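Let's take a look at a protein together, one piece at a time. Have the sequence and the 3D view open as you read.

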Amino acid sequence: MTPTRPVFYVSDGTGITAETIGHSLLTQFADTRFTTDRIPFVDTADKAREASQRIREAGEAAGVRPIVVNSCVDNELYRIIAESGGLMLDIFAPFIEPLERELGETRKLRVGQAHGMVDFEAYHRRINAMNYALTHDDGMIMDFDDAEIILVGVSRAGKTPTCVYLALHYGICAANYPLTEEDLEADRLPAKLRPHRHKLFGLTIDPIRLHQIRQERRPNSKYSQLDTCKREVAQAEHIFRNERLTTLSTTHTSIEEISSKVLTTLGIHREMF
């Protein structure tokens with residue numbers, strides 16, 4: 001059996017940029033298993049040495065070379081982290097030299113410089129969107145007037161993480177509605193969703209994968225039984241077809257891809273933070 005490859009996202013800031021880019025890269029390699037870990041705020045030599053040791057130990061335990069997606073701008077920190085023996089992928093390296101040539105300016109190595117470029121209006125929009133996503137999760141609040149997007153699907157189909165991603169990276173007010181047993185038996189969109197058809201997007205999932213996810217949450221319950229999962233997914237997809245909702249399977253699709261498809265389908269154009 002091929003060993004699982006440890007992957008670390010290392011940054012002198014939050015590590016979100018390294019993680020987002022790194023995750024997009026890893027999705028291109030479906031035959032390899034990965035475990036991922038983020039090490040943020042590596043902004044001193046001591047922290048870099050701690051990170052390097054942690055990466056080295058993970059590689060020794062796994063028996064394979066770790067992969068390090070790095071966004072630390074300080075060359076000394078980079079050198080220390082590289083002592084881990086991991087495969088170093090510097091997310092800035094491919095772009096710095098062409099930019100320096102084009103701009104006629106040498107980059108200034110300032111740790112955490114990205115934090116000085118905060119757009120406070122965008123920041124507050126993102127925070128408000130996060131609050132909206134959390135308060136409108138799983139149909140807790142049914143007032144969808146302020147929603148820009150409403151994701152619809154059976155429980156555990158990937159609605160919540162997608163809403164959070166849309167809020168965090170695009171400042172989108174996204175709500176989600178879990179189709180209940182009553183909704184599925186009625187074989188049509190719930191009344192509360194019908195006035196918001198233009199905001200709806202359906203998420204579905206392979207029943208076997210859904211069974212695995214639900215087993216982790218509520219083992220050996222009726223909720224997690226494979227027959228239940230098969231029936232609910234079939235009923236949900238039937239509703240989506242009848243209502244002519246655009247639908248996407250989340251089974252083998254990353255959150256980034258789901259979000260991009262939702263935004264494109266609903267005609268929402270928003271720059272990524």
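## Two domains

Keep in mind that this is a predicted model. The protein chain splits into two parts: domain 1 runs over 5-103, and domain 2 over 120-266. Going by C-alpha atoms, their centres sit 32 Å apart. Where the two touch, domain 1 puts in five residues and domain 2 puts in four residues.

## Where they meet

How much area do domain 1 and domain 2 bury between them? The answer is about 330 Å², with 64% of it on carbon and sulfur atoms. In general, the accessible area lost when parts come together is often used to give the size of an interface.

On the domain 1 side, three residues stand out: Ile16, Thr20 and His23 supply 76% of the area that domain 1 buries against domain 2, more than any other three residues. Sorted by class, the side of domain 1 that touches domain 2 has one nonpolar residue, four polar ones and no charged ones.

And what about salt bridges between domain 1 and domain 2? The count is zero.

## The annotated binding site

Now hop over to another stretch. An unreviewed UniProt entry carries the annotation "binding site" for Gly153, Val154, Ser155, Arg156, Ala157, Gly158, Lys159 and Thr160.

Where does glycine 158 fall? You'll find glycine 158 in the loop between strand 5 (149-153) and helix 6 (159-170). Lysine 159, on the other hand, lies in helix 6.

Terms used: Residues are numbered from 1 along each chain as its sequence is written. This is a predicted model: local features need pLDDT of at least 70, side-chain atom pairs count only at pLDDT 80 or more; totals for chains, interfaces and linings use all residues. Side-chain values use heavy atoms; hydrogens and water are left out. Domain bounds come from an automatic or database domain assignment. Contact means heavy atoms within 4.5 Å. Buried area is the accessible area (1.4 Å probe) that two parts lose on being put together, summed over both. A salt bridge is a side-chain nitrogen of Lys or Arg within 4 Å of a carboxyl oxygen of Asp or Glu. Ala, Val, Leu, Ile, Met, Phe, Trp, Tyr, Cys and Pro count as nonpolar, Asp, Glu, Lys and Arg as charged, and the others, Gly among them, as polar. UniProt positions are given in the numbering used here, feature names are shortened, and annotations may be inferred rather than shown by experiment. Helices (H or I, at least four residues) and strands (E, at least two) are DSSP runs, numbered from the N terminus.
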